[in-house]
Each structure stands twice: as structure tokens, then as C-alpha cells.
Amino acid sequence: MMRIALLALTNLAVMVVLFVSMNIIGRLFGINMSAGSMSGIMMLAVVMGFGGSFISLLMSKWMAKRSMGVQIIETPRTAQERWLVETVRRQAEKSGIGMPEVGIFHSPDPNAFATGASRNNALVAVSQGLLDRMTADEVEAVLGHEIGHVANGDMVTQTLLQGVLNTFVIIFARLIGMMVDNFFRGNNSENSGPGIGYFVGSFIADILLGFLATAIVMWFSRYREFKADIAGADLAGRQKMINALKRLQSAHAVHDLPGGMAAFGIAGGLGDGLKKIFMTHPPLEDRIAALENMR
């Protein structure tokens with residue numbers, strides 16, 4: 001409950017900051033921020049669309065540490081911690097990125113994730129369950145997968161994609177709202193500001209277009225997982241990566257990570273029917289087959 005409350009409060013704080021910033025910018029540049037104003041809609045789209053995504057990116061490490069209870073390994077105390085840090089260091093040097101922070105979070109489920117604002121300012125964290133239930137070779141492959149996410153710039157790329165889609169959702173939803181409002185008001189559409197049709201139409205369009213945008217982001221997330229698997233195979237060895245995925249497959253109950261970290265974990269939950277469209281990860285059997293067929 002504390003983790004959920006922290007995420008909710010942080011998101012609320014971000015929205016408040018964006019709302020205040022949007023109004024300050026509007027006043028400074030004389031932009032009409034009233035509902036139905038095209039200049040106001042554009043400002044809303046840019047600030048709320050890109051602003052929220054980039055603030056989340058900048059806060060990603062801080063949020064990951066607190067929401068997941070990640071313990072950063074600053075001075076390794078055990079042989080396992082020393083091996084973990086040195087493996088990440090070796091893979092980071094081979095990938096040409098800065099040394100990420102390395103941490104462990106307490107969860108019985110085998111999982112790991114990478115996050116951070118840039119390739120040289122990242123965090124790689126693994127669960128205690130992953131360390132307990134996987135061999136050293138398999139853990140090495142999982143670390144390679146996460147380093148692949150960092151080296152490929154996946155966090156920034158997904159943020160840009162999310163920002164662009166958010167912007168288009170906001171703009172088109174409000175344009176649809178204006179069209180609905182004009183349709184129901186007929187010849188009286190120019191007599192006053194936006195009516196109830198604008199707000200209802202925008203609200204419904206926000207939901208429908210939001211689902212479409214999420215489906216696109218999740219498709220890209222699944223595409224990135226195949227690329228990260230290839231990176232893990234390059235850094236640790238293809239068979240080690242295949243074995244790691246098979247180990248996850250045998251775990252049966254793989255749980256999603258919370259919030260924005262789910263897309264950068266080693267595995268996600270299972271889905272059937274329409275739920276597959278919103279999965280962050282492809283089925284493990286598809287990822288294993290892709291590696292087995294890789295030249």
C-alpha cells in the first residue's frame with residue numbers, strides 16, 4: 001500500500017506542477033488558455049504530453065528505488081554482490097555506456113529491470129528471487145538483457161514515443177470535442193464558449209485514443225524486448241540467454257513490475273485475447289524461438 005500511495009502522490013505532484021507551469025507560460029506569452037482555444041489546446045498538448053513523460057523519465061531512478069525498495073550496492077559486502085557489480089561493470093564497458101548503479105530488491109519472484117534518464121545515468125536492479133533461483137550464467141544473461149535496454153537508449157526512446165502520442169491524443173481529443181459540440185449546438189456554436197458537448201466529447205475521445213496510444217507503446221515495448229534479448233546473447237552468450245528465458249518460463253507465475261518499470265523488466269505477465277495487445281513483453285516461447293533461430 002505504501003508503494004501505491006507513493007506512486008499516486010508523485011503522479012499528483014507532477015500533474016500539479018505541469019498545470020501551474022502551463023498557466024504561468026500561458027500568461028507570460030499571452031496565450032489564451034480557455035477551453036476550445038487552439039493556442040490553449042496546443043500549449044496543453046505540449047506541456048502535458050511531453051512534460052509528464054520527461055518528468056517521469058527524470059524521476060525514474062528515484063521512483064524505482066523507493067517504490068521497489070531497491071538497495072543500491074555501494075560497497076559490495078558479499079561475494080555475490082561483488083560478482084554482480086563486476087559483471088555489470090564488464091558488460092557496461094563492452095557496450096560503451098557509463099557504469100549504472102546496481103541494486104537488489106526483495107521479491108521472491110525472479111525479475112530484473114533497468115531504468116534511468118540516459119545511457120550514462122542508469123540503474124540495473126535484480127530481485128533476490130532471481131539470484132536465488134537462477135544459475136550465475138543465467139543471471140549474467142539477464143544482466144546483459146538489461147544492459148541492452150540501457151545501451152539501446154530504450155528508456156529515452158519510449159519516453160519520446162509516449163510524449164508524441166500523448167500530444168496527439170490531447171490535440172485530437174479536443175478537436176473531436178469541438179466537432180461534437182458544434183454538431184449539437186448548430187447555429188449557436190459561436191455565441192459563447194464550449195458547451196457540454198465539448199467536454200463530454202473530449203473526455204470520451206481521450207479514453208478511446210488513450211487506449212490506441214497505449215497499444216502502440218506496448219507494441220514497441222514488445223519489439224524492444226527482442227532487441228534486448230539479442231544484446232543479452234551478445235554479452236553473455238546465446239545459450240545462456242535461452243537458458244535464462246527457459247528458467248523464467250518454468251517459474252510459471254511471473255508478475256509484472258509496477259508502473260513504468262514493467263516495460264524494462266526481464267519478463268512480464270501472461271495475457272489472453274485483447275489483453276495481449278497491452279502486454280509489455282512478448283510470450284517467452286516467442287523470445288526463445290527467436291534466439292534459437294538467430295544466426
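His 281 counts as buried, because its relative accessibility is 2%; buried means under 20% relative accessible area, exposed over 50%, and partly exposed in between, with a 1.4 Å probe and protein chains only. His 281 sits in the loop between α9 (238-250) and α10 (284-292). Its side chain makes a polar contact of 2.6 Å with the side chain of Thr 280. A polar contact here is a pair of N or O atoms within 3.5 Å; within protein, one must be able to donate a hydrogen and the other to accept it, and residues adjacent in sequence count only if both atoms are side-chain atoms.

Before I go on, this is a predicted model: local features need pLDDT of at least 70, side-chain atom pairs count only at pLDDT 80 or more, and totals for chains, interfaces and linings use all residues. Residues are numbered from 1 along each chain as its sequence is written, and side-chain values use heavy atoms, with hydrogens and water left out.

Lys 275 lies in the loop between α9 and α10 as well. Is Lys 275 buried or exposed? Lys 275 is exposed, because its relative accessible area is 53%. From Lys 275 to Ala 215 is 60 residues in sequence, and 9.9 Å in space, C-alpha to C-alpha.

Now the overall layout. The protein has 10 helices and 4 strands, where helices (H or I, at least four residues) and strands (E, at least two) are DSSP runs, numbered from the N terminus. The order along the sequence is α-α-α-β-α-β-β-β-α-α-α-α-α-α. Of its 295 residues, 46% count as buried.

Next, salt bridges. There are 13 in the structure, a salt bridge being a side-chain nitrogen of Lys or Arg within 4 Å of a carboxyl oxygen of Asp or Glu. Asp 229 bridges to Arg 287, with the closest N and O atoms 2.8 Å apart. This pair links distant parts of the chain, with Asp 229 in helix α8 and Arg 287 in helix α10, 58 residues apart. Asp 229 counts as buried because its relative accessibility is 1%, and Arg 287 is buried because its value is 0%.

Asp 137 and Lys 240 also meet through their side chains, at 3.6 Å, N to O. That pair too links distant parts of the chain: Asp 137 is in helix α6 (residues 136-151) and Lys 240 in helix α9, 103 residues apart. Asp 137 is partly exposed at 40% relative accessible area, and Lys 240 is partly exposed at 24%. Both belong to a network of salt bridges that also takes in Arg 90 and Glu 140.

Arg 77 and Glu 81 form another salt bridge, at 3.6 Å, N to O.

Last, the aromatics. The structure holds 7 aromatic pairs. One of them is Phe 183 with Phe 184, edge-to-face, at 5.3 Å centre to centre and 85° between the planes. For the cut-offs, rings of Phe, Tyr and Trp (its six-membered ring) pair if their centres lie within 6.5 Å; planes under 30 degrees apart count as stacked, over 60 as edge-to-face and the rest as tilted. Phe 183 is exposed at 66%, and Phe 184 is exposed at 64%. Elsewhere, ring pairs join Trp 219, Phe 220 and Tyr 223 into a cluster.
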